[in-house]
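Below are some notes for a colleague who has not seen this structure before. They are meant to be read beside the model.

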Amino acid sequence: MKALIQRVRHARVEVAQRCIAQISEGMLVLVGIDAHDTEQSVDRLSDRLLHYRLFADAQGRMNLDIGQSGGSILVVSQFTLSADTGKGLRPGFSNAAAPQEAERLFNRVVERIQRKHPATTCGQFGADMQVSLQNDGPVTFMLEN
């Protein structure tokens, strides 16, 4: 399981030219689910996301997690993070989880994060989404289980 996390000033998801989710300051999380991922992968990644320190403290150091910063979280499924790009000129997706299993695990990620951080929203799994954001810093990290 992979999560590309970005500290943002704001982020928004549109489907069919309609805004379905948006946040102000916080964290945009793009999640890719691989074929070997399990519920334990979800639990580990969710805990890391909630406690990962990417927000500045009073001294300007990245010492605060999302809860300490008071920010929001926007979680978006990102199938292409599971791509194999090791060779050739076209990505391969044999490492990605099957759509039904990926959706189940993605929903678990969202539910688990929302339970501990209610200021969490999400995109629409499997939809053609337009994601816009203003990256703050820029600060971007790839987390992998």
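1. Strand 3 (26–32), strand 6 (72–77), helix 3 (99–116) and strand 8 (129–144) each give at least two residues to the lining of the largest pocket. Helices (H or I, at least four residues) and strands (E, at least two) are DSSP runs, numbered from the N terminus.

2. This is a predicted model, in which local features need pLDDT of at least 70 and side-chain atom pairs count only at pLDDT 80 or more, while totals for chains, interfaces and linings use all residues. Residues are numbered from 1 along each chain as its sequence is written, and side-chain values use heavy atoms, with hydrogens and water left out.

3. The residues lining the largest pocket divide into 12 nonpolar, 4 polar and 1 charged. Here Ala, Val, Leu, Ile, Met, Phe, Trp, Tyr, Cys and Pro count as nonpolar, Asp, Glu, Lys and Arg as charged, and the others, Gly among them, as polar.

4. T120 is placed in strand 7 (residues 120–122). T120 counts as buried because its relative accessibility is 7% (buried means under 20% relative accessible area, exposed over 50%, partly exposed in between, with a 1.4 Å probe and protein chains only). Leaving aside residues up to four places away in sequence, T120 touches I73, V75, I113 and Q114 (contact means heavy atoms within 4.5 Å).

5. F106 counts as buried, at 1% relative accessibility, whereas F125 counts as partly exposed, at 25%.
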